Amino acid sequence: MTSYLGSGDPATHRTDYTPEWLGNLAEDVTLEASVLNGILRGPEAVRTILGFARTLYDYQEFNFVGPYGDNGFVEDYTATFRGNPIGSVVVINFNSAGQAQQIIINHRPLTAVVRWTTIMREHFAGTEYEPYFLSAAELAELG
């Protein structure tokens, strides 16, 4: 079974998850993601992008959520957004004060990444965040 399709069990579908680390961002926090064209910096940018991104999920089905190592946290989940399946692995690294300093989000499959970045670019059109998402011309160049 393809991992990003999840179990198919509606009883495991969550719509209420709010990551605790999102409320504890370092001033120099960075966000890297497979749907981004560049690295976002700062708590306002991270909250803005993730705040909207979180609204796109129909549900999330978690395989693992919890600490790893001395200063890290991992979320491994499958989901759907607007009916499209997507798998995600989120790795958060904390600074010495326990604040989220580096967030890395990897999505799969590539078709979901393309759909996600397109939705995000449309939503953030005309804002300072628009260039972080691929335009139609950039997607066509990847052809």
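Q: What makes strands β1 and β6 a pair in this predicted model?
A: Two strands pair if DSSP finds at least two bridges between them. Five bridges join β1 (residues 25-33) to β6 (residues 100-108). Five meets the cut-off of at least two, so β1 and β6 count as paired. The two strands run parallel. Glu 32 stands opposite Ile 104 in β6.

Q: Why are β2 and β3 called edge strands?
A: The open sheet has six strands in the order β2-β1-β6-β5-β4-β3, with mixed pairing. β2 (40-41) and β3 (57-68) each pair on one side only. Helix α1 (residues 43-53) lies across β1, β2, β3 and β6. Its direction is at about 50 degrees to β1.

Q: How do you know that the span of helix α2 agrees with its 14 residues?
A: Helix α2 covers residues 110-123. At 1.5 Å a residue, α2 should span 20 Å. Its end C-alpha atoms are 20 Å apart, so the two values agree.

Q: What makes the buried residues of α2 line one face of the helix?
A: Buried means under 20% relative accessible area. In α2, Ala 112, Val 113, Trp 116, Thr 117, Ile 119 and Met 120 are buried. Seen down the axis, the buried residues fall within an arc of 160 degrees, so they line one face. An α-helix has 3.6 residues a turn, so residues three or four places apart point the same way.

Q: What covers that buried side, and which exposed residues does the face turned away from it carry?
A: The cover includes α1, β3, β4 (72-81), β5 (84-94) and β6. The face turned away carries Leu 110 and Glu 122. Both are exposed, which means over 50% relative accessible area.

Notes
Residues numbered from 1 in each chain as written. Predicted model: local features only at pLDDT ≥ 70, side-chain atom pairs only at ≥ 80, totals over all residues. Heavy atoms only, no water. Helix = DSSP H or I, 4+ residues; strand = E, 2+ residues; numbered from the N terminus. Contact = heavy atoms within 4.5 Å. Axes fitted to C-alpha atoms, helices over the stretch in contact; angles between N-to-C directions. Expected span 1.5 Å × (residues − 1). Buried < 20%, exposed > 50% of the residue type's maximum accessible area, 1.4 Å probe, protein only. Arc of directions from axis to C-beta.
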